[in-house]
Amino acid sequence: MATVEERVKAVTAQVLKLSEEEINNEDNFTADLGAESVQSIELVAMFEEEFGIEMDEDAALAVETVGTAIEFITNVCKEQGVDLEG
Amino acid sequence: MRLILVDSPEQARGNFYPLALSRPLWELRCGFGSLAEKLIARVGTEDVAYFVPDYMAGAYREKVSGPVNDTSVLDGNDLLILDPRVKADGFDVASTGPSEVGVDEQGEVLYARIAGDDTGKPAKDDIEKFIAAARAALPNVKCSPARWQYIWDLILANPEQITADFAAAGRSGIEGTVEQPCTIRGSKADVYIAPGAQVHPMVVIDAEHGPVYIDEGARIQPFSRIEGPCYIGKESILVGANCREGNSIGHACRVGGEVEESIIHGYSNKYHDGFLGHAYVGEWVNLGALTTNSDLKNDYSTVSVILDGGGGIDTGSTKVGSLIGDHTKTSIGTLLNTGSYIGAMAIIMATGKPLPKYIPSFSWFVEGIVTKGFGKGKLYETAKTAMSRRKCEWTAAEQAMWEAVFEMTSPERKKAIKKGRRTLMK
């Protein structure tokens, strides 16, 4: 099964119309990947669908980089009992 | 004699959403003012107490001087307990007299007149129990006064109510300032311009088919046309508006473009061009430039409205526009379908297409779907900013009320978000 990192990058690539290879963990969604505010909303929605989780909007939208998104989503999955291994 | 307004059961209140999400039914407007003003005038007392849903009690206490959800008001005095859906004009029960409970065909209590001596009988720790006990202990009278059933009833009754309220106010003439050239069509007896109101040059006031009342401090800017019956609230500004017949505009609104047979609560803005017709707009609403609603279907059939995210209700009228809850904002170019329900605290970003007919409260409508957007925290911040610009305070009690509304409206919002996600995943 794909890792959290791979899945986050796949969703980001799909929403922002990029290729996964272009996306690095240090990239800032806005400054480096060009996410507009509407796309941030879309990213949150798509991450929730991808991982089957519910994220607090304020906390989720405060996440700035791909690396922190991976960390944030991993934590939310743990909190909400979502299996990331299977 | 003490008048006690008791808000209707939740099921009946739902017929007045999204406006009644954040206010008791008697704070809805029709004609010059609120339903409460009309009921109080009809009953003829200044001693008024209120029972509202618990979640809005704190916020409502900040808005009125009378007691709210205080059962001590049930003691000792002659009481007239009234359901706010009863139309003031049709209520012909004497305020005082022997105790009796007015019950409709379905067995619902519409009023209870309880003489002071009898108030000791029912238990007083809960208003619902008090009314139920009064009904059991006191003589019941069958009654069927005219009642408001749905929120669009208020829209449809508004022109007639303005005319009645103008007659009841008994004022006419110009006490404010009118700069020339300005044209008044019809009888000047059907126009009242209150002290402090300003009518700038190049304004047409057309009272041929109904009265026009411009309240204190209102400002009518050049190239506005106001057609009666019409009420312009205190300190509101018309910005070159085509204000057609049947509008009630609340306190401190900014209104431009074309508006017809609509009710707008205080502090709302429709500054720019765009058509608003047969609409009911809450307070602190901002309609972006070119926001337009349809109020008539192409096939002239009756308009249905979705009030709870489920099935539509046939209004029986061919003309119903939008219902827009408090603090909702629309972007430029928003197109609202006939009979649209736009909840409170919603953010609408137009796509160029007409919106879905039902958008739940606290929704962020983005890219054609309902989303969670930036969440309710951001909406509260915006509300706070909008209110501070008009020197009004966003209080803790108000926020607590909105938190409750957020929870109450969560099921329909989640459903709409899910639907949006499915579209997104395609």
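How many aromatic pairs does the structure hold over all chains? The count is 17. The model is a predicted one. A pair of aromatic rings is described by the distance of the centres and the angle of the planes.

**Stop 1: an edge-to-face pair**

Select Trp26(B) and Tyr60(B). Their rings form an edge-to-face pair, with 6.2 Å centre to centre and 65 degrees between the planes. Trp26(B) sits in the loop between α1 (10–13) and β2 (29–30) of chain B, while Tyr60(B) belongs to helix α3 (residues 54–61) of chain B, so the pair ties together parts that are 34 residues apart in sequence. Both Trp26(B) and Tyr60(B) are buried.

**Stop 2: a stacked pair**

Next, select Tyr267(B) and Trp284(B). This aromatic pair is stacked: the centres are 4.4 Å apart and the angle between the planes is 5 degrees. Tyr267(B) is in the loop between β22 (263–264) and β23 (269–270) of chain B, and Trp284(B) is in the loop between β25 (280–281) and β26 (286–287) of chain B, so parts that are 17 residues apart in sequence are tied together by the pair. Tyr267(B) and Trp284(B) are buried.

**Stop 3: a cluster of rings**

Now select Phe32(B), Phe166(B), Tyr192(B), Tyr213(B) and Tyr231(B). Ring pairs link these residues into a cluster.

**Stop 4: a charged patch**

Move to the surface and select Lys415(B), Lys419(B), Arg422(B) and Lys426(B), which gather there in a patch of positive charge. Keep Arg422(B) selected. In which helix does Arg422(B) lie? Arg422(B) is part of helix α8 (residues 410–425) of chain B. Arg422(B) counts as exposed because its relative accessibility is 53%, and exposed means over 50%.

Technical notes. Residues numbered from 1 in each chain as written. Chains lettered and ligands numbered in written order. Predicted model: local features only at pLDDT ≥ 70, side-chain atom pairs only at ≥ 80, totals over all residues. Heavy atoms only, no water. Patch = residues over 30% accessible without salt bridge, like charges linked within 9 Å, V, L, I, M, F, W, Y side chains within 5 Å. Areas by Shrake-Rupley, 256 points an atom, 1.4 Å probe, with all protein chains shown as cover. Salt bridge = Lys/Arg side-chain N within 4 Å of Asp/Glu carboxyl O. Lys, Arg positive; Asp, Glu negative; His and termini not counted. Charge placed at Lys NZ, Arg CZ, Asp CG, Glu CD. Helix = DSSP H or I, 4+ residues; strand = E, 2+ residues; numbered from the N terminus. Buried < 20%, exposed > 50% of the residue type's maximum accessible area, 1.4 Å probe, protein only. Phe/Tyr/Trp six-rings, centres within 6.5 Å; stacked < 30°, edge-to-face > 60°.
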